[in-house]
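Me: Hi! I'm new to this one, could you walk me through it?
Reply: Happy to, here it comes.
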Amino acid sequence: MRMSENQIDTPIGTSPDEEIVEAEIVPATETPDPHSLGLELPDDPASAIETLLVELKSARDEGDSYLDDLKRVAADFDNYRKRTTRENAVMLDRATERVVMGLLPVLDTFDAALQTEPDTDTEKKLYSGMLNTREQLLNALKNEGLEVIPTIDEPFDPEIHEPAGAPGGNGRLTVTQELRRGYRLRGKVLRAALVVVDVS
C-alpha cells in the first residue's frame, strides 16, 4: 500500500491538521568574555587553561583573605559587645551601690525612731506611718538586691557581723543583740551588722 506525501511527513499520533510545537531549547549561561573580566587569554588552549587556573587560585586566595578579615572583625565586635555589656553591668552595680549606701543612714534613723514605744493615739499613728514608710523603702531596695543580714540567735560570723566588745570565756559565739542593722547588696556585704555576742 502506497502512503501519501502528507502521511509520510506527519508524525505518528498526530493528525495532518495539528500544528507541531517544537521544544524550546534554553541556552546555557553565556560564557563571559575574558576581556570583560580583565583577562587576556593566549590563543593556545593549554596556556589559556593555565592562565585561568592561576587567576582562579588568586581569586580564591583573595576571597579567603577577605573571609578571614570578616571573621576577625566579627570576633572583635563580639568581644567589644561582651566587654561593653560587662562594663555596663559593673557601672550599674556601682551606681546602685552608691544610692543604697546613701540611704542606709535613712534606714538607721527609722530603726532608731521605731525603738520607742508609742503611748498616745497620735504617737501610735505616727509610729505606724514611720513603720510603713520604712517597710516601703526596704521593699523598694530589696527589689534592687538589698537584703538584711540576719543577727539574733545566729552563729557569729566575722564576715557579716561586727562585734561590740569581746565576750569572755571559750565556746561557740552567738549573736544575742543587734545594735545596728547590716546589709548585703546582691551577695556583697555593704555593711556588717553591729552586734553583741555571747558564748553559748
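Me: What share of the contacts with a separation of 6 or more is between residues 24 or more positions apart?
Reply: That share is 56% in this protein, where contact means heavy atoms within 4.5 Å. This is a predicted model, so to speak: local features need pLDDT of at least 70, side-chain atom pairs count only at pLDDT 80 or more, and totals for chains, interfaces and linings use all residues. Residues are numbered from 1 along each chain as its sequence is written, and side-chain values use heavy atoms, with hydrogens and water left out.

Me: How many helices and strands are there?
Reply: There are 3 helices and 6 strands, in the order α-α-α-β-β-β-β-β-β from the N terminus. Both are DSSP runs numbered from the N terminus: helices are H or I with at least four residues, strands E with at least two.

Me: Which residues are buried in α3?
Reply: R134, L138 and L141 are buried there; buried means under 20% relative accessible area, exposed over 50%, partly exposed in between (1.4 Å probe, protein chains only). They sit on the same side of α3, because they cover an arc of only 60° around the axis, taken from the directions from the helix axis to the C-beta atoms.

Me: And what do they pack against?
Reply: They pack against α2 (45-113), β1 (146-148) and β4 (183-185). On the other side of α3, D121, T122, K125 and Q136 are exposed.

Me: New topic: is T174 buried or exposed?
Reply: T174 is buried, at 11% relative accessible area. This residue belongs to strand β3 (residues 173-180), and its contacts beyond four places in sequence include F156, V196 and V197.
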